[in-house]
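Me: I'm new to this one and would like to learn how to read it. Could you walk me through a few features?

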Amino acid sequence: MTIGIVSAAYIAAAVLFILSLGGLSGQESAKRAVWYGIVGMGLAVIATVFGPGVGNWFIIAVMIAGGSVLGYYVASRVQMTEMPQLVAALHSFVGLAAVFIGFNAHIEAARIALLDQPARAALEGFAGILAHKTPVELAIMKVEVFLGVFIGAVTFTGSVIAFGKLAGRVDGKAKKLPGGHVLNAGAAILSLILLVMYAGGSGVWMLVLMTLLAFFIGYHLIMGIGGADMPVVVSMLNSYSGWAATAIGFTLGNDLLIVTGALVGSSGAILSYIMCKAMNRSFLSVILGGFGSMTGPAMEITGEQVAIDADGVAAALNDADSVVIVPGYGMAVAQAQQSVSELTRKLRAAGKTVRFAIHPVAGRLPGHMNVLLAEAKVPYDIVLEMDEINDDFPTTDVAIVIGSNDIVNPAAQEDPNSPIAGMPVLEVWKAKQVFVSKRGQGTGYSGIENPLFFKDNTRMFYGDAKKSIDQLLPQIG
């Protein structure tokens, strides 16, 4: 395959990636957008593998086959409830790949430096590119390698910790070592000093030491972020993985990798900013880590949680004219979206106005609830964002909260010491009646108590969300 054909394939793939990102902005076009991305990635892989100067065909074939089988196996077994941790895990792979490629580039450059001129002239592929670089270009490449390894290492350990928190294998509470931000800043400054030394020719040990520091920074940054803010963390790590790919793209001289990494990095950063704005968080505080923690004693909650059975909920729904459903991660865990969809169909058939209220950070992944509702064939036009529906709660007869905690927590407005203080929330407590579908009286994943559960117009509908909704279905209509 000639360089001209490869370049044309790269341009086509880049266009497909852009179309894919654009299509993912709407539920109606999302499925088509995914196919754009699949075709674009397939085209990119083929053009790269069969491009000029590429060898080691057997190793490449084995790696592609192994990765394809493993990817298919993982994707076929992962439930929608596990998608957030899968995304975090895949981010870690991108980061680790950037680290390996960076070290490989250093090792290859060091090997070529020992060759004589005739031996260099005979080299092909990446080695050939390195052999023809001037001293200035090699110095620039060292900076590219250093940055790629640094961002990749931060992304790797940060994504591993995010995976652990999302999977419940690591405590979701924010935890930092004494002097938290000072340690992070010190490690970053030391890494900058090592960059200067590495670019000046101090050798591979500067790169190794920086990698260890970057591993620590990634670990400590994400450990310092509370569970309530993990959706932002996933988006932020997505951005990090993109910038790592961009840096490595410069090192390898691969234009498509540069473009793709920039698309991922910038889109992830924009999404992180949007989500931070929706949560009233500082974007800088997300990058630095260490938010989502208590700032003082929590406000005392008075009253008690009052339970209600399926008969009571069904009677209220039958009497209501307007219903708003707020889905959360509990709905995903119980796989209750199909039951919720059927409940919606029956309520609408009975002449009720039914709408869904989606908070920007509902679930543990951006757009998590939208995907589940789309999977259950809930009409797009009744799925509304927080800003579109929040003012309607005072005129709503019944609000049903299914497995949500932080996004409907009035403590965000009432308790300045709450970890979510100042975060915009769905004001469900303003509805005439609120029913909360919840497994038990615990505080849930983020560990934040919710005064909503103790309000006079709130009733707790305890039990598995799917079973609870299924109990309502025969009584509606």
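Reply: Let's start with burial: a residue is buried under 20% relative accessible area, exposed over 50%, and partly exposed in between, with a 1.4 Å probe and protein chains only. His106 has 16% relative accessibility, so it counts as buried. This is a predicted model, where local features need pLDDT of at least 70, side-chain atom pairs count only at pLDDT 80 or more, and totals for chains, interfaces and linings use all residues. Residues are numbered from 1 along each chain as its sequence is written, and side-chain values use heavy atoms, leaving out hydrogens and water.

Me: Which residues does His106 touch, not counting those up to four places away in sequence?

Reply: Contact means heavy atoms within 4.5 Å. By that rule, His106 touches Tyr198, Gly203, Val204 and Leu207. His106 itself lies in helix α4.

Me: At what angle do the axes of α4 and α10 cross?

Reply: Axes are lines fitted to C-alpha atoms, for helices over the stretch in contact, and angles run from 0 to 180 degrees between N-to-C directions. Here α4 (residues 83–113) and α10 (residues 230–252) cross at roughly 25°, their axes coming within 9 Å. That makes α4 roughly parallel to α10 (angles under 35 degrees count as such).

Me: Where do α4 and α10 meet?

Reply: Among the residues involved, Val87, His91 and Val94 are on the α4 side, with Val234, Leu237 and Asn238 on the α10 side.

Me: How many residues of α10 are buried?

Reply: 19 of the 23, so α10 is mostly covered. Just after α10, Gly253 takes a positive phi of about 70°.

Conventions:
Helices (H or I, at least four residues) and strands (E, at least two) are DSSP runs, numbered from the N terminus. Angles under 35 degrees count as roughly parallel, over 145 as roughly antiparallel, 65 to 115 as roughly perpendicular and the rest as oblique.
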